[in-house]
Amino acid sequence: MAAGSAREMREAMVLGRVIGGEDKGLPVEAAGLTVGEYLATKPELSEFWTPLLVLSEDALQNNVRYFADWVADRGLELMPHGKTTMAPQLWQQQLDAGATGITVANPSQLKVARAHGFETLMLANQLADQNALRWVAGELEHPECTIWSWVDSTAAVRLAEEALRGLKPSRPLSVLVELGSPGKRTGCRTVEEALAVAEAVAASPVLRLAGVAGYEGALGHDRNTPTVELIRGYVADLLELHGKLAHLYDGGDVLVTCGGSNYPEIVGDLFAEARQADSARYVLRSGAYITHDDGAYRALSPFDRQRVSGRARSLVPAAHGLSRVLSQPEPGLALLDGGRRDFPYDSGYPVPQAAVSAATGQVTALEGAVVDDMNDQHSFLRTAAGQEPAVGDLVVLGLSHPCTTFDKWRLIPTVKDLVPGKDAVIKRLVETYF
């Protein structure tokens, strides 16, 4: 499918989607209208119900452009991880900025990407389901479709051969040998083990050895010197593995890929140096940069505005939670109407930023306030006694961990820029597929 027609198809799918009463946060008046019909009424943010997730278009555009430029300046490629948002509209925005493909995490996500016409895809995981293996082989019958997946064992090689026996696919499945780390997630534990897996792939009649892959983000959650050195050593091992596989490559495209969300400058510097004497494609898969956050990624990213000096560009948070005070039962405590079903909590609770008075519209910065607990539908906002927002007041929340932000919402409104206390026209509704 041509890129233009695929883009138009995806846009038509969203605009033609009928809004239902089950779409959380949308006003009841929207139910029964298509997204296109509803947006034509120029709805305003104040019409939406809380709890609500809202995206800032200016921040999204800034982040997409910033990271695309940073990657391109180093001669690298970006195939952003689509599982962060599972939003084809945002995937297209990343492709329009220069991304060369989209990464997904499992076959179901891959199926969503293909259903929306995406053609260049990386499955950053093992294909262990025989039904999924056969389906991927069938998708490769479309000449415009390219799919890479990963492998970390000879058992997985044999599984693929068994699943595809008798099918005679016109193209072999392109796989990257994954290098892991002891005690961590998937991936061969040593370079020597990975070399043996690569030899099995190269000898397989249904697989093609297409490079090496890894995920450095699982190795650390701080920027202390030992962690930085551990990650540098891991990426160096991945590059060493790639070098040792040179005699097994078949002359087609070869990819060398790492994550690059928490430690992009470490991966980027080593990749940029390696590619000077190599024809392989060096690919980052960063996903969370598109919205950044006010928690886990802000604490680690070298591109957060707190770490970027002077007037230099930076990543900025693009996703915020809006929640109302349900109850103010005792001094220093306000109960909000959004909880674990609405906002992420696995990498830190939401960060209170401002309160907007329901009575006066006055905006108050919530300095020193914290959310220190969450239930399914409630968050516990703690303030100094006498500084609690009142029942009905709107609270703006910074969020931590984009991947578990988007998965709680089906249609997400966007505004040009979110300014507490100021209403805004909804620019689009972003549809997610989890």
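Trainee: How many salt bridges does the rule find across the interface of domain 1 and domain 3?
Mentor: Three salt bridges cross that interface. Bear in mind that this is a predicted model.

Trainee: Which residue forms a salt bridge with E431?
Mentor: That is R17, and the closest N and O atoms of the pair are 3.0 Å apart.

Trainee: And how many residue pairs are in polar contact between domain 1 and domain 3?
Mentor: Six, counting pairs with both residues at pLDDT 80 or more.

Trainee: Which helix gives the largest share of the side of domain 1 that touches domain 3?
Mentor: Helix 2, residues 35–39, which supplies three residues. By class, that side of domain 1 has seven nonpolar, six charged and one polar residue.

Trainee: Back up a bit. Where are the domain bounds?
Mentor: Domain 1 covers 3–44, domain 2 covers 74–291 and domain 3 covers 319–431. For the contact between domain 1 and domain 3, each of the two contributes 14 residues.

Trainee: What area is buried between domain 1 and domain 3?
Mentor: About 1,200 Å², with 60% of it from carbon and sulfur atoms.

Trainee: Which three residues supply 45% of the area that domain 1 buries there?
Mentor: R17, K24 and E44, and that is more than any other three residues supply. R17 is also the salt-bridge partner of E431.

Trainee: Last one: what separates the centres of domain 1 and domain 3?
Mentor: 25 Å, taken over C-alpha atoms.

Key. Residues numbered from 1 in each chain as written. Predicted model: local features only at pLDDT ≥ 70, side-chain atom pairs only at ≥ 80, totals over all residues. Heavy atoms only, no water. Domains from an automatic or database assignment. Contact = heavy atoms within 4.5 Å. Buried area = accessible area lost by both parts, 1.4 Å probe. Salt bridge = Lys/Arg side-chain N within 4 Å of Asp/Glu carboxyl O. Polar contact = N/O pair within 3.5 Å; in protein donor to acceptor, adjacent residues only side chain to side chain. Helix = DSSP H or I, 4+ residues; strand = E, 2+ residues; numbered from the N terminus. Nonpolar A, V, L, I, M, F, W, Y, C, P; charged D, E, K, R; others polar.
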